[in-house]
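Welcome! Let's get to know a new structure together, one question at a time.

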Amino acid sequence: MGAKILVLGSGGREHALSWKLAQSDLVEHIYVCPGNGGTAANPKTTNLSLPLTPPYQELVCFAVQNEVSLVLPGPEEPLVLGVEKHFRKVGVPVFGPSELAARMEGSKAFSKEFMQRHGIPTAKFRTFSSGQIDDAIDYVRNCGFRVVLKASGLAAGKGVLIPGSVDEAVEGLQQIMVANVFGAAGDQVVIEELLEGPEISVLAFSDGYTVVPLPAAQDHKRIGEGDTGPNTGGMGAYAPAPVANPVVMDRIVRETLRPTIDGMRKEGFPFVGLLFTGFMLTDSGPKVLEYNVRFGDPETEALMLLLDADLAAILLACAERRLDSVQISAHRAFSVSVVLVSGGYPGPYLKGKQIEIGDIPSGVVVFQCGTVLKDNHLVTSGGRVMAVTATAPTLEEALALAYTACDKISFEGMAYRRDIAHRALAASKHTAKGLTYADAGVSVDAGNALVTAIKPYVHSTRRPGSDAEIGGFGGIFDLKATGYDDPVLVAGTDGVGTKLHIAIEVGLHDTVGIDLVAMSVNDLLVQGAEPLLFLDYYGCSKLDVTTAAEVVKGIAQGCQEAGCALIGGETAEMPGMYREGDYDLAGFAVGAVERHLILPRQDIAPGDVLLGIASSGLHSNGFSLVRKIVSLSGLSYSSPCPWDENISLGKHLLEPTRIYVKQVLPAAKAGVLKGMSHITGGGFIENIPRVLPQALGCYIDASAWPLPPVFRFLMQHGGVEPLQMARTFNNGIGLIVIVDKDQVEKTLDLLHQDSNVPIYKVGEVTEKSGVEMRNLKYWATH
């Protein structure tokens with residue numbers, strides 16, 4: 001048995017949706033309530049004459065009795081009034097948001113406050129209740145920018161005023177808040193900054209988790225050509241809008257659509273349905289004008305011709321919270337919809353005018369908006385009567401087809417705009433201005449500002465061999481100034497990994513700079529080398545000078561702890577390579593060691609002792625697993641740390657990697673160490689064998705030191721077995737040093753000379769290759 005779908009509504013949008021649904025092999029039958037003359041003639045489709053008013057009892061009974069698989073509300077009013085819950089209570093899924101989620105369209109005040117909470121780009125605004133007329137007038141007189149006045153509630157798409165002056169704004173407030181021209185919709189008024197730029201509409205499917213946009217469209221609200229006259233419900237639309245290029249669409253998804261869907265879910269009213277967002281493409285990027293919680297009209301008519309996917313499969317996947325299982329794509333073409341309206345619209349108009357339709361060209365679909373069948377004749381029943389929609393490889397061809405079809409249709413008083421897509425056509429005729437690097441999203445000025453901000457940090461790392469000055473083409477280091485007799489250079493490079501995700505989410509960026517240095521210089525140290533110089537790489541989509549400077553501040557602190565100079569780096573601003581706000585790090589360190597002191601030595605032998613020097617925490621490895629465990633624990637990074645409520649969990653996890661150079665290098669130069677192992681990714685099991693002769697191994701006694709609470713937390717909430725812990729994390733031991741058993745006390749004295757970091761005897765070298773982990777049960781029981 002195929003799906004039975006109940007569509008609510010009577011316009012061109014509902015005709016277009018039922019037309020597309022009828023093409024699906026998944027669909028057995030479509031019911032449209034109340035429908036129109038076009039849906040009545042649609043394949044697999046039946047119009048219903050049932051009341052579309054709360055509490056929707058007759059519709060709910062019909063859906064249950066006829067085994068309806070899915071309800072698809074077209075207009076916004078039923079959704080705002082909570083139609084979804086009435087069907088949900090009887091087990092009939094709805095492609096559309098709950099009453100709580102529908103507030104995003106039902107209350108502009110609510111949606112603007114939501115955007116403010118979640119940092120979604122939108123215009124500056126203030127909200128006033130109907131009793132605050134004096135405060136509202138004072139605001140428009142003193143805010144310092146041109147304003148838009150919006151009735152907060154539903155006003156059939158007509159509750160927006162764009163005054164040309166302060167006096168007009170005051171008059172508009174009087175009309176909304178005193179004269180109540182928009183009725184209850186004007187009980188609250190949103191006064192917002194007038195944004196300038198091209199306007200687009202983006203319709204996106206969502207199941208509450210995934211969000212997938214359709215090509216951006218541009219509609220035409222004004223009745224007259226050249227965008228003149230009063231607003232209407234829409235005189236036409238076209239898609240895709242050329243101004244919404246891939247870079248713009250990527251920003252819209254990253255900065256608005258994903259944060260909106262994620263924010264609604266986190267606030268307890270997940271969005272399932274079609275999110276229709278209006279944007280203004282300003283000089284500073286796309287900004288939200290408003291949210292709608294349903295398919296747009298006439299955008300839907302144009303987009304249904306472009307949709308290269310099974311609409312029924314998409315709707316069902318959204319309702320079942322599995323949108324990521326469906327492939328959604330669009331034809332590589334253009335679609336244009338021209339709306340035919342009754343004479344007098346959007347003012348008073350006559351109904352019942354007979355409609356004549358001639359031969360419609362191939363590639364055109366005539367969607368009916370305000371029509372009914374009367375005595376077997378199609379007659380007008382609304383202001384917007386038909387949406388003549390055409391698709392073709394180019395916008396010009398699609399327009400020509402649509403207007404040719406318009407000439408084949410007639411009824412008394414028929415009117416339509418002849419300049420649909422005029423903005424796109426005009427833009428294509430003008431030569432684009434010369435582009436700059438900034439137009440590509442790269443700010444040279446921001447890069448220069450960063451260099452200025454970090455120079456004091458960099459200069460603080462100067463040491464013999466380098467004055468730690470930056471700004472040239474390359475960093476210079478004078479090896480002769482270090483006093484080595486027979487030096488061998490040792491180099492290492494590393495990153496910080498997905499620990500960066502936590503730093504970005506918590507908003508703490510200096511500690512990862514220390515991590516970056518630590519991961520490289522500790523790798524130099526295990527070969528006996530003294531770190532001499534360091535270079536960093538910082539990659540991002542858009543350079544935030546404050547964030548980048550904090551990172552470099554941490555890098556400089558790490559270099560001071562390691563005794564090396566920060567002599568240069570690279571900052572790469574690459575729009576589109578990273579999500580907005582994300583960045584990546586890499587570091588490169590060079591050190592030197594006297595040739596006769598290079599580690600590991602060749603005389604490592606069975607019976608040599610392994611000393612473990614305590615870590616500061618997780619250091620910088622295993623964070624993909626850490627983040628997974630935190631997500632399963634029910635905690636967030638802002639939650640109090642379970643074992644130390646004085647700080648947040650996120651801040652504890654960001655404790656930087658310990659740098660062992662100043663504690664351990666004197667012992668290495670004294671010649672008492674045979675080898676060292678930096679315990680990073682791979683834990684004990686993967687890292688210690690890297691410094692042992694091929695035929696030898698070792699054992700590690702897990703009971704020889706206390707397991708820090710962060711690792712107990714990971715074991716408990718992740719169900720991680722002790723052996724898996726030993727091959728993933730450092731488990732409280734960040735560095736292993738190998739010494740002759742007769743040199744243990746001397747080595748401990750050297751290591752404790754200027755440091756109180758705990759050191760433990762954790763094992764010995766053995767004749768059997770590999771790492772034997774002993775007493776692992778201790779971690780689970782103590």
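Here is a friendly set of questions and answers about this model.

This is a predicted model, in which local features need pLDDT of at least 70 and side-chain atom pairs count only at pLDDT 80 or more, while totals for chains, interfaces and linings use all residues. Residues are numbered from 1 along each chain as its sequence is written, and side-chain values use heavy atoms, with hydrogens and water left out.

Q: How many helices and strands does the chain have?
A: Helices (H or I, at least four residues) and strands (E, at least two) are DSSP runs, numbered from the N terminus. The C-alpha trace that carries them spans about 110 × 55 × 55 Å along its principal axes. The count for the chain is 26 helices and 35 strands.

Q: What percentage of the residues of the chain count as buried?
A: Buried means under 20% relative accessible area, exposed over 50%, and partly exposed in between (1.4 Å probe, protein chains only). The chain has 782 residues. Of these, the buried part is 54%.

Q: Which residues touch the most other members of the largest nonpolar core?
A: A nonpolar core is a set of buried Ala, Val, Leu, Ile, Met, Phe, Trp, Tyr and Cys residues joined through side-chain atoms within 4.5 Å. The largest one has 103 residues, and those touching the most other members are Leu653, Val664, Leu673, Met676, Ile688 and Trp779.

Q: How many residues of helix α7 are buried?
A: Helix α7 covers residues 108–117 and is mostly covered. Its buried residues are Lys108, Ala109, Phe110, Ser111, Lys112, Phe114 and Met115. What covers them includes α6, β5, β6, β8, α10 and β16.

Q: Which backbone oxygen does the side chain of serine 335 reach?
A: Serine 335 lies in strand β17 (residues 334–341) and is buried, with a relative accessible area of 0%. Leaving out residues up to four places away in sequence, serine 335 touches residues including Ala237, Tyr238, Ala302 and Ala390 (contact means heavy atoms within 4.5 Å). At 2.8 Å, its side chain reaches the backbone oxygen of alanine 302.

Q: Is alanine 468 buried or exposed?
A: Alanine 468 sits in the loop between α15 (444–459) and β24 (487–495). Leaving aside neighbours within four places in sequence, alanine 468 is in contact with Val458, His459, Thr461, Arg462 and Leu566. Because its relative accessible area is 2%, alanine 468 is buried.

Q: Why does proline 215 count as partly exposed?
A: Proline 215 is found in the loop between β10 (211–213) and β11 (218–219). Not counting residues up to four places away in sequence, proline 215 touches Pro240, Leu303 and Ala330. Proline 215 is partly exposed because its relative accessible area is 21%.

Q: How far apart in space are proline 215 and leucine 533?
A: In sequence, proline 215 and leucine 533 are 318 residues apart. In space, C-alpha to C-alpha, the distance is 50 Å.

Terms used
A polar contact is a pair of N or O atoms within 3.5 Å; within protein, one must be able to donate a hydrogen and the other to accept it, and residues adjacent in sequence count only if both atoms are side-chain atoms.
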